[in-house]
Amino acid sequence: MAMKTSRYSASRQKACQQCSSAKARCDRQHGPCVRCTRRGLSCVYPRTARSESPLIGSNPVNNLRTDRVNTSTLATERERLAGSMHVPEGLDDLNFSGLELICPIDDTAISNRWLNPYIPVPGQAVKQYPTNVNAFIYRILKSYAAVAAHGRGILPFVHPIQMRPRPVGSPLASCLSLVRVCSSPLPGSEATAASVLQREMNDIFNQCEEFDDEDQLAAFQAYLIYAMVLFFRLSEAYNDVFRGTMMNLQNLARSSTRRGVVCAADQRRVRPRWEEWVITETKRRALYVMYLFDSILSTQEGLPTFLGTELEGLPAPANKLLWQAQSRYQWEREYHVHMAEWAEGGLTIDELWPVPTGFGETQLARRRARVDQWLENTDEFGTMLCAVTTCTHGD
């Protein structure tokens with residue numbers, strides 16, 4: 001007699017990992033489910049407890065091959081990462097095509113920043129970070145590298161919706177999976193891990209011009225994360241090779257910035273699309289982190305570090321209510337409040353810099369009031385930037 005199929009077997013079958021991460025209904029087909037098929041996503045079902053084997057163990061570097069990284073391992077680990085973070089719900093309608101972005105700054109100055117100590121530029125101003133401020137920046141960036149390596153939490157220059165399920169090959173998703181090999185590397189394994197990361201970085205750099213707006217930002221973020229992990233966790237810092245890494249990073253930053261770092265709608269004082277705002281806000285945050293990272297490297301090399309005057313006029317990090325919005329509706333509601341509170345325009349990054357020569361008492365009082373208003377709702381990233389600039393430049 002043929003054994004009957006349990007009436008619970010179908011109902012207890014788990015949804016695919018894409019639908020599970022998105023908290024969407026899954027038809028649980030044996031092949032790709034309908035939702036994944038429509039979106040062109042990689043449809044993977046969880047393995048049963050009996051057949052499942054760990055893809056990445058407690059010490060992932062033990063499982064790492066130096067000749068090739070297993071893409072299915074990266075994809076599965078990416079899904080685990082996405083599921084462990086607070087990814088906003090209702091993201092099925094996201095559309096990152098047709099973004100109206102502008103670049104109001106000289107992007108070439110970003111890629112040429114490494115030349116500043118060697119070829120003086122008119123108007124350059126040395127930052128002159130105090131020793132304690134430099135140490136503070138070092139520890140903050142080191143903590144970012146640790147967050148990425150341990151796969152816990154979310155970096156302040158990665159937006160939560162970027163953690164939604166993405167097709168295999170997304171630069172940021174692959175990066176956040178791969179850097180976990182540096183969580184607890186065994187003695188003697190650092191060179192192997194560094195070699196794998198550097199190969200991925202080379203691939204990103206060589207392919208960056210082929211990416212769309214969303215993936216080019218992801219490429220810039222991924223390269224930045226790889227570089228910080230190499231510097232802070234694998235001690236691949238004090239050599240000519242790493243200076244070349246920073247030059248490549250600045251070129252990636254320029255390529256991403258050139259495609260737009262401000263929403264065109266903001267220039268018209270109207271609300272942009274959520275997707276446009278996410279791309280530009282995240283891009284600027286990554287830029288600010290890169291500039292801090294560059295200052296650390298320059299200090300280690302005994303070189304001066306200069307104020308990023310080419311970034312003048314860019315918005316300071318947005319408030320946490322906008323950054324942490326869990327849905328389009330919530331973000332749009334908060335953006336309307338933001339526009340009402342900042343009718344004259346939001347705070348710009350240069351308002352945290354040294355007070356210009358000739359500033360009168362009225363101008364100084366107005367700037368202080370604007371910074372105070374911005375601090376009311378800024379997140380930890382904004383607070384960190386304010387602490388660095390205030391302790392360096394004063395009021």
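Start by selecting Tyr138, Phe231, Phe232, Phe242 and Phe293: ring pairs tie these residues into a cluster. Rings of Phe, Tyr and Trp (its six-membered ring) count as a pair when their centres lie within 6.5 Å. By that rule, the count is 10 aromatic pairs. Bear in mind that this is a predicted model, where local features need pLDDT of at least 70, side-chain atom pairs count only at pLDDT 80 or more, and totals for chains, interfaces and linings use all residues. Residues are numbered from 1 along each chain as its sequence is written, and side-chain values use heavy atoms, with hydrogens and water left out.

Keep Phe293 selected and show its surroundings. Leaving out neighbours within four places in sequence, Phe293 is in contact (heavy atoms within 4.5 Å) with Leu141, Leu224, Ala227, Met228, Phe231, Phe232, Phe242, Met246 and Leu249.

Now widen the view to the largest nonpolar core, which has 77 residues. A core here is a set of buried Ala, Val, Leu, Ile, Met, Phe, Trp, Tyr and Cys residues joined through side-chain atoms within 4.5 Å; buried means under 20% relative accessible area, exposed over 50%, and partly exposed in between, with a 1.4 Å probe and protein chains only. Leu141, Phe157, Ile225, Met228 and Phe293 touch the most other members. Colour the elements that give two or more residues to this core, among them H5 (131–150), H8 (213–233) and H11 (274–300). H8 supplies the largest share, 14 residues.

Next, pick Leu217, Trp274, Trp277 and Trp323, which are included in a second, separate core of 18 residues.

Then go to Glu209, in the loop between H7 and H8. Is Glu209 buried or partly exposed? Its relative accessibility is 48%, so Glu209 counts as partly exposed. Not counting residues up to four places away in sequence, Glu209 touches Gln216, Ser255, Arg258 and Arg259. Draw a distance between the side chains of Glu209 and Ser255 and you'll find a polar contact of 3.2 Å (a pair of N or O atoms within 3.5 Å; within protein, one must be able to donate a hydrogen and the other to accept it, and residues adjacent in sequence count only if both atoms are side-chain atoms).

Finally, zoom out. The protein chain has 15 helices and two strands (DSSP runs numbered from the N terminus, with helices H or I of at least four residues and strands E of at least two). Of its 395 residues, 49% count as buried.

Conventions. Phe/Tyr/Trp six-rings, centres within 6.5 Å; stacked < 30°, edge-to-face > 60°.
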